[in-house]
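Please keep the sequence and the three-dimensional view at hand while reading.

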Amino acid sequence: MFLHTGEAGLLNWLLHLLDLERPHSMPSLKGKLHRETANYFTVIHDLASEADTWKSRPAWLEFAPNNICNLRCIMCGQADGLPVQRMERETAAELLDQVLPHTSLLTPSALSEPMLADIDLILDKCEQHDVFLNFHTNATLLDGECFRKLAPRLHKLWISLDSPVPDVFEKIRAGASFEKVVQNVREILPIAVELNVPVGFVAVFMRENAAHMDQLVDLIADLGGTEARSDLRLQAMLDNAVSCPDSDPFGHFDTTDLAGFLDAAVERARIRGISFLADLPEPHRRSETVSQPRVRGIAADLLVRLIEATQEMYPGFCHMAATYTKIEPDGEVYPCCRAPVELRMGNIKDQSFEEIWNGDRYQAFRRRMFAKDYPDTCRTCSVLTLNPHFRATPEAPYAPGGPSSVPGTGGRSI
Ligand SMILES: C[S@@+](CC[C@H](N)C(=O)[O-])C[C@H]1O[C@@H](n2cnc3c(N)ncnc32)[C@H](O)[C@@H]1O
Ligand code: SF4
């Protein structure tokens with residue numbers, strides 16, 4: 001029987017669940033897989049019962065033990081000089097041991113470069129708890145050899161590549177060498193094909209690069225993206241850096257110009273076999289799937305379906321608030337990647353994660369979500385309001401131009 005890639009992935013996953021294809025020398029992971037799947041069902045239960053205290057635990061964690069980056073990209077908060085935060089290794093290890101037993105995915109960054117985030121600890125803990133990485137990198141430090149080391153634990157690698165024009169790239173991604181990044185990508189993509197690891201590319205849509213998106217598609221294809229079945233995702237620029245006020249493409253180009261740039265990119269994507277998503281507010285959104293994405297056949301693939309299901313069945317409750325947690329290197333816990341002060345849920349230096357997860361603040365936050373009495377940040381957040389199943393209320397007017405989901409997770413690109 002012919003199986004589509006997605007079906008083959010599901011089949012792999014079921015085999016994995018049953019441990020049929022696992023060599024006898026490897027420990028059984030049934031316990032973890034059972035916990036992960038039971039956790040997905042429990043999320044639905046918690047939503048359906050409108051509970052204040054939740055039996056489910058976050059399926060997706062964003063955490064890095066530091067917020068260090070080697071670049072100062074002009075649109076990123078790092079450009080403004082973030083104070084460095086570091087969590088003690090022992091504290092980070094304890095925290096990961098508390099949270100990861102139920103987690104499927106870990107995004108190991110804190111508005112920072114994960115290759116600088118004690119990657120050995122991250123890999124050890126992912127191995128120990130059978131967790132996979134949703135890994136966003138600037139690819140300055142990730143060559144083919146490093147990629148091989150990460151590959152067994154990657155759910156998907158996302159490479160930030162904002163421009164195919166060397167000068168523009170180096171202006172946007174201040175501190176990076178275009179030549180070095182391109183060389184690294186050239187090494188990574190054939191290995192991704194060999195090991196069946198999904199690799200996608202992310203570009204922030206800015207005044208500086210808007211006109212070059214068709215060439216960016218060609219560059220990715222030339223570097224091996226077609227064989228790797230890579231995709232390119234354009235994401236809206238969040239207002240993250242004080243130093244970057246002039247880079248908004250929507251204030252600079254008119255709708256016709258922007259449509260021309262995006263349609264040219266779609267055209268090249270079709271020709272070169274690179275899937276393309278312009279995750280931008282209408283009328284600028286474009287979505288062109290030209291090849292079946294690679295799938296790992298792991299529980300995290302089902303997490304994607306869980307997120308879609310919660311969006312459809314419980315559109316009033318932010319899907320990120322239901323399945324995600326962000327912990328900063330200073331220990332602060334938030335229910336989403338945007339991490340506004342308003343949504344601070346506690347600090348793991350003061351309480352265990354368990355105490356925070358069902359503590360007063362999380363309970364009050366959930367009550368407000370169920371009542372659609374949204375905190376200010378949520379009212380205009382696109383993670384909530386751009387869900388096509390979401391219905392606007394006077395408290396949460398539909399805000400297609402509102403702030404997009406946050407980059408640390410690539411807008412939760414999965
Ligand atoms: C914050 S970075 C962290 C991971 C890694 N250092 C990197 O650059 O990929 C994650 C993603 O956010 C994107 N990003 C940075 N500033 C942004 C902004 N103001 N709006 C939207 N995305 C942004 C980056 O380009 C990158 O793709
Ligand atoms: S976008 Fe990534 S690479 Fe650039 S400064 Fe921010 S964290 Fe560093």
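Ligand 2 is surrounded by a shell of residues made up of Cys 69, Leu 71, Arg 72, Cys 73, Cys 76, Gln 78, Leu 111, Ser 112, Glu 113, Asn 138 and Arg 173. The model is predicted.

**The chain as a whole**

- The secondary structure of the protein chain comes to 16 helices and eleven strands.
- The protein chain has 414 residues, of which 45% count as buried.
- Among the contacts in the protein chain with a separation of 6 or more, 69% join residues 24 or more positions apart.

**The nonpolar core**

- In soluble globular proteins, nonpolar side chains tend to be buried together.
- Here the largest nonpolar core has 111 residues, and those with the most contacts inside it are Ala 203, Phe 205, Val 217, Ile 220, Leu 303, Cys 318 and Cys 336.
- Helix α8 supplies the largest share of this core, eight residues.
- Leaving aside residues up to four places away in sequence, Cys 318 touches Cys 336, Met 369, Cys 378, Val 383 and Leu 384.

**Helix α10**

- Helix α10 covers residues 255-272, and at 1.5 Å a residue its 18 residues should span 26 Å; the end C-alpha atoms are 25 Å apart, which agrees.
- The buried residues in α10 are Leu 258, Phe 261, Leu 262, Ala 265, Arg 268 and Ala 269.
- These residues cover an arc of only 120 degrees around the axis, which puts them on the same side of α10.
- An α-helix has 3.6 residues a turn, so residues three or four places apart point the same way.
- Thr 255 and Thr 256, on the other side of α10, are exposed.
- The partners against which the buried residues of α10 pack are α8 (213-228), α9 (249-252), β7 (275-279) and β8 (286-288).
- After α10 comes Gly 273, with a positive phi near 75 degrees.

**Gly 144**

- Gly 144 lies in helix α5, which covers residues 144-150.
- Is Gly 144 buried, exposed or partly exposed? Gly 144 counts as partly exposed because it has 16 C-beta neighbours inside 10 Å, whereas a buried residue would need 20 or more and an exposed one 12 or fewer.
- Although Gly 144 and Glu 187 are 43 residues apart in sequence, their C-alpha atoms are 4.9 Å apart in space.
- Gly 144 touches Glu 187, Ile 188 and Ile 191, not counting residues up to four places away in sequence.

Key
Residues are numbered from 1 along each chain as its sequence is written. Chains are lettered from A and ligands numbered from 1 in the order in which they are written. This is a predicted model: local features need pLDDT of at least 70, side-chain atom pairs count only at pLDDT 80 or more; totals for chains, interfaces and linings use all residues. Helices (H or I, at least four residues) and strands (E, at least two) are DSSP runs, numbered from the N terminus. The expected span of a helix is 1.5 Å times one less than its number of residues. The arc is that of the directions from the helix axis to the C-beta atoms. Two residues are in contact if their C-beta atoms, placed from the backbone, lie within 7 Å. A nonpolar core is a set of buried Ala, Val, Leu, Ile, Met, Phe, Trp, Tyr and Cys residues joined through C-beta atoms within 7 Å. A residue is near a molecule or strand if its C-beta atom, placed from the backbone, lies within 6 Å of it.
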